[in-house]
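Please read the following briefing alongside the sequence and the coordinates.

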Amino acid sequence: MAFSSWKQLLLLGKACRRGGPALRWKRCCHWSAGKSLDPEVRAFLEENTEVTSSGHLTPEIRLRLLTPRCRFWREKPDLWPYGDPFWAIYWPGGQALSRYILDNPCVVKGRSVLDLGSGCGATAIAAVMSGASQVLANDIDPIAGMAMSLNCELNHVTPFPITIKNIINSEAGKWDLIVLGDMFYDEQLADDLHHWLRKCIRIHETEVLIGDPGRHQFLSHSIHNQLRKVIEYSLPEYTRQENNGLTSSIVWSYQPSNSLESC
C-alpha cells in the first residue's frame with residue numbers, strides 16, 4: 001500500500017491516526033517561534049520530503065511535501081516512523097485559502113489570525129506574507145509543527161508560534177480571523193467545529209473562512225447551510241490527480257444565523 005492510500009483514507013472521510021515511536025522532541029503544547037528543531041528529525045524530514053512550489057495554487061510559497069519522487073510515496077506507510085504525515089500533502093482547501101489571502105491581503109493585514117489544522121502551514125505563511133499582525137498555527141501532530149518551521153525558513157518569513165494541543169471545544173480565543181481548510185472529513189469533528197466556531201463568533205465576533213473542495217462530508221453537514229461562497233478556484237492538474245479528480249476548491253465565509261444565541 002503506497003502513501004496514496006493514506007490520502008484515499010482522508011478523502012473517504014476516515015479520520016484515522018496511528019501512533020509512532022516516541023519523539024525526541026518533547027510533546028509540549030506550544031512550539032515557540034524560533035525554537036530549534038531536533039537535528040535528527042530535521043534531517044529525516046529534509047531527506048524524505050521534496051521542496052516544491054509547482055502544481056499548486058500558490059507558486060509563491062515553497063513547501064516541503066511528499067511527492068511521487070519521495071521514497072515514502074511508494075513504500076509501506078508503516079515504515080514512516082512518526083505517524084501519518086497528513087501535513088505533507090497540500091490539500092485543496094488550504095490551497096484555496098492561501099491563494100485568497102495572497103490575492104486579498106486586506107483580509108488579514110493588521111489582524112490576528114488562527115490557522116486551525118494548519119498542516120504544512122501554507123495558509124499561516126500566506127497570512128504572514130500578507131501582513132497579519134499575529135499568527136498562530138494549530139495542528140495536533142508535533143511533526144507538522146516541525147515541518148511548518150522548515151517551511152517558514154524556505155519562504156524567509158519569521159516563524160510563528162504553533163500550538164499542538166486540540167483547541168476545539170476549548171475556551172474561545174480572541175481572534176480577528178480563524179481560517180481552516182479540509183477539516184470536515186469526520187462527522188463528529190464537523191459537529192465539534194460547528195459548535196466551537198459558532199461560539200468564537202458569538203463571543204468575539206470572529207470572522208471565519210473555510211476552504212474545502214466540496215467533499216461529501218462537508219456539503220452534507222448542516223454547517224453548509226450557513227456558509228456564503230467567497231470565491232472558487234480551478235485546481236491545477238497535479239492537484240486534481242492527487243485528489244481523485246476534484247476540479248475546484250472554494251473559500252466560504254461562515255455566517256451562522258444563530259451566532260448570537262447561546263451555544
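**Briefing on the predicted chain**

About 11500 Å² of the chain is accessible surface, and 49% of this belongs to carbon and sulfur atoms (areas come from the Shrake-Rupley method with a 1.4 Å probe, and for residues only the protein chains shown count as cover). The model is predicted, so local features need a pLDDT of at least 70 and side-chain atom pairs count only at pLDDT 80 or more, whereas totals for chains, interfaces and linings use all residues. Residues are numbered from 1 along each chain as its sequence is written, and side-chain values use heavy atoms, with hydrogens and water left out.

**Confidence**

- The average pLDDT (the predictor's confidence in each residue, from 0 to 100) is 84 for the chain, and 83% of the residues score at least 70.
- Residues 1–6 have a pLDDT below 50, and this stretch has 21 contacts in the model beyond near neighbours in sequence, a contact meaning heavy atoms within 4.5 Å.
- Residues 9–28 also have a pLDDT below 50, with 48 contacts in the model beyond near neighbours in sequence.
- Where pLDDT is low, the predicted coordinates should not be read in detail.

**Overall fold**

- The chain has nine helices and 10 strands, which are DSSP runs numbered from the N terminus (helices are H or I with at least four residues, strands E with at least two).
- Of its 263 residues, 56% count as buried, that is, under 20% relative accessible area, with exposed meaning over 50% and partly exposed in between (1.4 Å probe, protein chains only).
- Among contacts between residues at least 6 apart in sequence, 72% join residues at least 24 apart.

**Aromatic pairs**

- The structure holds seven aromatic pairs; rings of Phe, Tyr and Trp (its six-membered ring) pair if their centres lie within 6.5 Å, and planes under 30 degrees apart count as stacked, over 60 as edge-to-face and the rest as tilted.
- The ring centres of Phe-44 and Trp-80 lie 5.1 Å apart with their planes at 70°, so this pair is edge-to-face.
- The pair links distant parts of the chain, since Phe-44 sits in helix 2 (residues 39–48) and Trp-80 in the loop between helix 3 (71–74) and helix 4 (92–103), 36 residues apart.

**Ser-248**

- Ser-248 belongs to strand 10 (residues 248–254) and is buried, with a relative accessible area of 14%.
- The side chains of Ser-248 and Glu-232 are joined by a polar contact of 2.7 Å (a pair of N or O atoms within 3.5 Å; within protein, one must be able to donate a hydrogen and the other to accept it, and residues adjacent in sequence count only if both atoms are side-chain atoms).
- Leaving aside residues up to four places away in sequence, Ser-248 touches Pro-213, Glu-232, Tyr-233, Ser-234 and Leu-235.
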